[in-house]
Amino acid sequence: MDSLKLLAHPIRLRIVHAMGGGRLLTTAQLCARVPEASKATVYRHIDLLVGGGILEVAEEHRVRGAVERHYRLCRERAVIGVEVVRALTLDEHRQAFATAMTALLAEFNAYLDREEADPVVDQVGYRQHALWLSPTELTEMISELRAAIAPRLANSPSPERTQYLLSPIHFPVEVPQ
């Protein structure tokens with residue numbers, strides 16, 4: 001299964017989000033991050049991600065007679081290449097966007113369902129801005145955003161860090177005149 005098919009599923013996308021920052025997580029920990037899905041469903045999606053090379057088994061430990069696996073994200077495999085994006089039909093773009101929004105909504109609801117959720121303290125943002133940009137200005141802005149985000153993708157979990165989900169989305173809302 002190619003990376004697009006693997007990542008274009010809300011549960012698998014949430015598993016990938018949970019694995020960010022070099023984390024090693026067990027299936028039980030991933031089940032806790034996706035409580036609306038059954039354990040069997042999460043196990044099945046983990047197996048698909050492992051089979052597709054997006055997750056790998058980093059460690060195995062015997063726990064009460066069973067083998068507990070810790071998984072790691074293979075970041076270089078958890079991307080959808082430019083050539084794949086170029087080959088998508090408009091309907092496939094529509095489906096990929098809907099999947100991403102479904103996963104984003106599920107992540108936000110899971111956050112709000114936590115007892116300690118405080119959108120003000122956590123500086124939650126969901127603003128939209130309509131910008132007038134030339135193709136050159138859009139390219140520059142995307143480069144600037146990448147330059148700001150890319151170095152932080154390597155941040156590892158620590159007591160003073162909270163994992164945030166950042167979802168830059170941009171598309172034209174009208175045709176140039």
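## A walk through the chain

Read along the sequence, the protein chain runs in the order α-α-β-α-α-β-β-α-α-α. That pattern holds seven helices and three strands; helices (H or I, at least four residues) and strands (E, at least two) are DSSP runs, numbered from the N terminus. The model is predicted: local features need pLDDT of at least 70 and side-chain atom pairs count only at pLDDT 80 or more, while totals for chains, interfaces and linings use all residues. Residues are numbered from 1 along each chain as its sequence is written, and side-chain values use heavy atoms, with hydrogens and water left out.

Start with the chain as a whole. Its C-alpha atoms fill a box of roughly 70 × 40 × 30 Å, taken along the principal axes. Of the 177 residues, 23% count as buried. Here buried means under 20% relative accessible area, exposed means over 50%, and partly exposed lies in between (1.4 Å probe, protein chains only). The chain exposes about 13,000 Å², and carbon and sulfur atoms supply 56% of it; accessible areas come from the Shrake-Rupley method with a 1.4 Å probe, and for residues only the protein chains shown count as cover.

Contacts tell how the sequence folds back on itself. A contact means heavy atoms within 4.5 Å. Among contacts with a separation of 6 or more, residues 24 or more positions apart account for 57%.

Next come the charges. The chain has 20 positive and 22 negative side chains, and the centres of the two sets lie 5 Å apart. Lys and Arg count as positive and Asp and Glu as negative, while His and the chain ends are not counted. The place of a charge is taken as NZ of Lys, CZ of Arg, CG of Asp or CD of Glu.

Some of these charges pair up. A search of the whole structure finds six salt bridges, a salt bridge being a side-chain nitrogen of Lys or Arg within 4 Å of a carboxyl oxygen of Asp or Glu. One of them joins arginine 14 to glutamate 36, with the closest N and O atoms 2.2 Å apart. This pair links distant parts of the chain: arginine 14 is in helix α2 (residues 10–18), and glutamate 36 is in the loop between α3 (27–33) and α4 (39–51), 22 residues apart. Arginine 14 counts as buried because its relative accessibility is 2%, whereas glutamate 36, with a relative accessible area of 52%, is exposed.

Arginine 14 also forms a salt bridge with glutamate 107, where the closest N and O atoms are 3.4 Å apart. Glutamate 107 lies in helix α6 (residues 90–113), so this pair too links distant parts of the chain, 93 residues apart. Both glutamate 107 and arginine 14 are buried.

Another salt bridge brings together the side chains of arginine 114 and glutamate 116 (3.1 Å, N to O). Arginine 114 is partly exposed because its relative accessibility is 40%, and glutamate 116 is exposed at 55%.

Two further residues complete the tour. Aspartate 113 lies in helix α6 and is exposed because its relative accessibility is 67%. Histidine 70 lies in strand β3 (residues 66–73) and is buried, with a relative accessible area of 13%. Leaving aside neighbours within four places in sequence, histidine 70 is in contact with Leu24, Leu25, Thr26, Glu56, Val57, Ala58, Glu59 and His61.
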